[in-house]
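Colleague: I would like a close look at one part of this model, the nonpolar core, and then an account of what surrounds it. Please keep it plain.

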Amino acid sequence: MEKALVINPEKCTGCHSCEMVCSLVHDKECNLNLSRIGILKTGGGGTQENMPIVCQQCRDPFCADACITGAITRNERTEALVVNEDLCVGCKTCVVACPLGGVLYHWIKQCSMKCDLCEGDPQCAKACVYGALEFLSMDEWGRKKRLKGAENLSRLCEIIYK
Amino acid sequence: MQVVVIGNGIAGFSATSILRHLDRQCQITLISGESSPLYSPCVLADYVSGEIPRERVFVKSLQDYKRHSLTLLLGHEVKEIDPAKKTVLRDDGASIPFDKLILATGSRAVTLGELKKGIFKLKTLQDADEILKHGGKKAVVIGAGPIGIEVGIALFQRGYRVSILEMMDHVLPLGLDNMGASKVKAILEERGIEVFSSERSESILGTEQVKGLVTNRREIECDTLVWAVGMRPNVELAAKSGIQVGDKGGIHVNSRMETSIPDIYACGDCVESNDILTGEPYPNLFWHNAKRQGVVVARNCAGFPTDYPGSHNLLNVDVFGNHVAGFGFTEAALNRFRDLKAFGGNPPRISIIERENNACYYRLVIAGDRCMGAQFLNADLTQRAMGLLWSFILQKRSVEGLLKILGNEGLLSHKPWLRRVRPFFKGARSVG
């Protein structure tokens with residue numbers, strides 16, 4: 001079953017737990033600069049919004065096209081796009097190419113880094129206590145979204161017919 | 001089905017591997033003049049500088065070819081294609097029949113004048129090996145495109161004294177405008193690389209071994225000379241067999257990457273595909289285009305009709321730790337191609353948004369209501385906005401519409417990712 005990292009920005013509080021866990025798992029240190037996932041904090045005052053940004057493992061990935069050494073390939077088991085650090089020469093072309101900002105540059109290893117779905121068990125989703133990050137199969141996600149849509153609709157009906 | 005692929009670059013290899021993925025039964029024959037497995041010409045400068053060892057230039061090993069179970073004919077040139085009989089004639093006289101033929105003959109570096117000892121180009125692994133074997137002290141690189149700059153830096157790091165010569169009025173002429181280029185030039189000169197722009201090479205001194213170069217302004221002494229004045233598609237084989245070659249110098253293909261003869265496809269550096277921004281044929285000789293074209297050709301060969309959306313350029317050079325990136329048109333190029341079909345005949349008003357802050361610099365080129373190009377120098381990579389801006393350019397969205405969203409908090413909260421491009425448009429100095 002194909003699973004994906006699902007982001008619910010409205011639930012995110014911007015606590016950075018996911019970033020801490022990500023760098024801890026991959027680089028053995030809690031360092032926000034070495035995190036594959038990043039929270040985009042926007043707005044100010046009371047309107048602040050938090051948006052976790054992470055690689056979406058595109059079906060037709062542009063980073064893999066742009067990689068001049070063929071270092072970005074899809075892991076057949078987890079379906080994640082992974083960077084082969086032995087092949088990567090650190091040219092940053094994939095960083096420029098990704099429209100999401102999902103690929104980042106690892107300043108210490110001098111190569112690209114991106115979400116590899118932690119071998120099919122994303123730790124960031126486990127660390128998120130607010131449910132802003134979930135690792136769900138596509139069916140489950142669709143069901144959840146439909147449920148949420150139905151809730152919204154019933155709430156709207158209540159407002160209209162009251 | 002018998003498929004013959006000519007060329008073992010990234011286009012040929014990606015076509016082969018995708019075709020094998022889609023069709024387990026078909027017979028694939030891969031013919032290539034070079035005897036090494038797939039390697040990346042883009043990182044040859046890093047190999048010359050000594051940053052990476054020789055084995056890391058290779059992208060695939062011979063084992064990877066075995067996995068695709070194909071007939072591999074490395075070190076064999078193709079002499080002739082017979083489209084009527086559907087056969088390919090090898091240089092040793094053997095002929096191979098085909099049902100579908102994929103041309104991925106690639107491109108070659110342009111050199112002018114005769115090749116003496118000490119004169120090099122950098123396109124193939126053999127070229128890089130030859131440069132490394134040659135021990136010199138003073139090098140001249142002709143051409144200040146991305147390859148010229150990378151080769152210049154690589155030789156500088158090997159201990160050469162380096163001069164870079166450029167015919168146009170600034171470095172990286174196809175990627176940057178004047179101001180960004182002058183910053184790159186300043187970085188190069190600060191490290192000790194001489195850059196002579198607006199100079200044309202006139203003659204090469206020395207009889208056996210190169211001794212110097214005469215330009216229209218000066219005479220430069222050197223023992224090594226590298227040509228980096230551009231690439232030319234290899235179309236001789238195709239032209240000989242009656243395949244139509246376009247007026248920009250590449251093989252003419254339709255949107256499904258078919259050549260003028262049915263069942264013959266072409267992909268990679270040898271074709272001129274439609275530029276995604278203008279919709280007109282243009283040879284964009286880049287790795288990512290070749291790879292994608294290979295995929296499209298393989299899908300069409302296997303019977304899954306796929307259109308190629310168009311090629312685009314992407315400049316990405318590291319100049320002594322300073323990251324230079326750019327895509328789309330520069331202002332100078334837009335002025336040159338003002339009568340493009342994409343603008344419906346009337347030349348658009350060109351406006352520029354640019355800002356500089358210490359070592360950082362960016363410039364957006366906007367024609368009418370469309371963003372047509374962007375250039376960055378040391379743009380903050382953690383901002384992660386360059387790719388977003390590029391996808392915005394590729395989608396041909398209206399700048400007016402974007403500014404409307406960016407100016408309205410309510411609209412923006414529905415598209416929060418657009419906040420990342422806001423710094424580029426906010427408070428920028430607008431010229432023109």
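Which residues in the largest nonpolar core touch the most other members?

Modeller: This is a predicted model, in which local features need pLDDT of at least 70, side-chain atom pairs count only at pLDDT 80 or more, and totals for chains, interfaces and linings use all residues. Residues are numbered from 1 along each chain as its sequence is written, while chains are lettered from A and ligands numbered from 1 in the order in which they are written.

The residues you ask for are B:Ile102, B:Leu103, B:Leu122 and B:Cys267, in a core of 165 residues. A nonpolar core here is a set of buried Ala, Val, Leu, Ile, Met, Phe, Trp, Tyr and Cys residues joined through C-beta atoms within 7 Å. Buried means 20 or more other C-beta atoms within 10 Å of the residue's own, exposed means 12 or fewer, and partly exposed lies in between, with C-beta atoms placed from the backbone. In soluble globular proteins, nonpolar side chains tend to be buried together.

Take B:Leu122 from that group. Setting aside neighbours within four places in sequence, B:Leu122 has contacts (C-beta atoms, placed from the backbone, within 7 Å) with B:Leu44, B:Ala45, B:Ala109, B:Asp127 and B:Ala128 among others. Its list also includes B:Ile131, B:Ile147, B:Val151, B:Val226 and B:Ala228.

The domains of chain B (bounds from an automatic or database domain assignment) are domain 1 (2-108 + 231-301), domain 2 (111-227) and domain 3 (324-431). Between the C-alpha centres of domain 1 and domain 3 of chain B the distance is 34 Å.

Chain B as a whole has 13 helices and 27 strands; helices (H or I, at least four residues) and strands (E, at least two) are DSSP runs numbered from the N terminus. With a radius of gyration of 23 Å, close to the 22 Å that the globule rule gives for 432 residues, chain B is as compact as a globular protein of that length. That radius is taken over C-alpha atoms, and the rule is 2.2 Å times the number of residues to the power 0.38. The C-alpha atoms of chain B occupy a box of roughly 65 × 60 × 40 Å along the principal axes. Of its 432 residues, 46% are buried. Among contacts in chain B between residues at least 6 apart in sequence, 63% join residues at least 24 apart.

One buried residue of chain B is B:Ile276, which has 20 other C-beta atoms within 10 Å. B:Ile276 sits in the loop between β20 (271-274) and β21 (281-282) of chain B. In sequence, B:Ile276 and B:Gly310 are 34 residues apart, yet their C-alpha atoms are 4.3 Å apart. Beyond residues up to four places away, B:Ile276 touches B:Pro309, B:Gly310, B:Ser311, B:His312 and B:Leu394.

B:Ser273 has B:Tyr282 in β21(B) as its bridge partner. Both strands belong to an open sheet of 3 strands, ordered β18-β20-β21 (chain B), with mixed pairing. The edges are β18 (251-252) and β21 of chain B, each pairing on one side only.

Two hairpins also deserve a look. Strands β13 (residues 201-205) and β14 (residues 212-215) of chain B pair antiparallel over 4 bridges, with B:Ile204 opposite B:Leu213 in β14(B). Their hairpin has 6 residues between the strands, and B:Gly206 in the turn has a positive phi of about 100°. A hairpin through 3 residues then joins β14(B) to β15(B). Strand β15 (residues 219-221) of chain B runs antiparallel to β14(B), joined by 3 bridges, and B:Val214 stands opposite B:Glu219.

Finally, the partner chain. The contact between the chains takes 28 residues from chain B and 23 residues from chain A. On the chain B side, α8 (287-301), β22 (314-319), β23 (322-328) and α10 (386-394) each supply at least two residues, and α10(B) gives the most, with 5 residues. Chain A itself has 5 helices and 8 strands, and 38% of its 162 residues are buried.

Note on methods
Contact = placed C-beta atoms within 7 Å. Pairing = 2+ DSSP bridges.
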